[in-house]
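Welcome to this short tour of a protein model. Please have the sequence and the 3D view open as you read.

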Amino acid sequence: MNARSKVGRPKASDQKISKARIIEVALPIVQGDGIEALSFRTLADQLGVTPMAVTYHSGSRQQLLADLVAVAFKDTLGQVDGATASDRVRQILTAYYTRALANAHLLRAVLSDPSLMSVDLKHVTGALGTCTKDLNDGDAGSVLLHLLIDYTHGFVLSAASDETDTLTIDDYLRGINWVLDRARRT
């Protein structure tokens, strides 16, 4: 084999790249270092392809971020089967908190750009809204829903930035239980 046989564009059959593979490589980068650390060049280097190949398979940066959010939060709800609305709220928020904490950088991206919100995140909000209506006499203005969502996001972002790991899910749930206890009284 001479040196010229390796020059030029690789054959399509030599490239082992797909959108799924790009997401598989990109997700740990974003989870660990944030969306600022994600670039087509970084992905290309890790995949052994050109940045243009990454762009071709993943689309724009915005599309890649939306795909990462979709994968990171896929099936967050799982099976919600609590006997009471309070039990279902706890199950929903525990599942969401766990997923959001692992993907805090993506959560920040969604909060900055709601167009990145995935179908699964919308399902979480919808299921939670159904429960808060049951708990809070219709939850006029969705006050309880927004309170729970804002509390969860604040806690996730605080816990994710806590380098000493002092905040736990038990701390989070203590706050949720406090809110739910008061919601039942109204």
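Is Tyr 151 buried, partly exposed or exposed? With a relative accessibility of 27%, Tyr 151 counts as partly exposed; here buried means under 20% relative accessible area, exposed over 50%, and partly exposed in between, using a 1.4 Å probe and protein chains only.

## About the model

This is a predicted model, in which local features need pLDDT of at least 70 and side-chain atom pairs count only at pLDDT 80 or more, while totals for chains, interfaces and linings use all residues. Residues are numbered from 1 along each chain as its sequence is written, and side-chain values use heavy atoms, with hydrogens and water left out.

## The aromatic cluster

Let us stay with Tyr 151 for a moment. Tyr 151 and Phe 155 both sit in helix α8, 4 residues apart, or about one turn of the helix. Helices are DSSP runs of H or I with at least four residues, numbered from the N terminus. Phe 155 counts as buried, at 12% relative accessibility.

A pair of aromatic rings is described by the distance of the centres and the angle of the planes. Rings of Phe, Tyr and Trp (its six-membered ring) pair if their centres lie within 6.5 Å; planes under 30 degrees apart count as stacked, over 60 as edge-to-face and the rest as tilted. By this rule there are 6 aromatic pairs. One of them is stacked: the ring centres of Tyr 97 and Tyr 172 are 4.4 Å apart, with the planes at 10°. Because Tyr 97 lies in helix α5 and Tyr 172 in helix α9 (residues 169–185), this pair ties together parts that are 75 residues apart in sequence. Tyr 97 and Tyr 172 are both buried. The pair of Tyr 151 and Phe 155 is tilted, at 5.9 Å centre to centre and 45° between the planes. Tyr 97, Tyr 151, Phe 155 and Tyr 172 form one aromatic cluster.

Leaving aside residues up to four places away in sequence, Thr 152 touches Leu 93, Tyr 96, Tyr 172 and Ile 176, where contact means heavy atoms within 4.5 Å.

Helix α5 (residues 85–102) contains Val 89, a buried residue with a relative accessible area of 0%. With the residues up to four places away again not counted, Val 89 touches Leu 128, Cys 131, Leu 135, Leu 148 and Leu 180. The C-alpha atoms of Val 89 and Asp 137 are separated by 15 Å, and these residues are 48 apart along the chain.

## Salt bridges

Now for the charged side chains. A salt bridge is a side-chain nitrogen of Lys or Arg within 4 Å of a carboxyl oxygen of Asp or Glu, and the count comes to 6 salt bridges. One of them joins Asp 67 and Lys 19 at 2.9 Å, N to O. This pair links distant parts of the chain, with Asp 67 in helix α4 (residues 61–72) and Lys 19 in helix α1 (residues 19–33), 48 residues apart. Asp 67 is buried, at 14% relative accessible area, whereas Lys 19 is partly exposed, at 34%.

Asp 87 and Arg 90 meet in a salt bridge at 3.5 Å, N to O, and both lie in helix α5, 3 residues apart. Asp 134 and Arg 88 form another bridge at 3.6 Å, N to O. Asp 134 counts as exposed, at 52% relative accessibility, while Arg 88 is partly exposed, at 22%.

Definitions and conventions. Helices (H or I, at least four residues) and strands (E, at least two) are DSSP runs, numbered from the N terminus.
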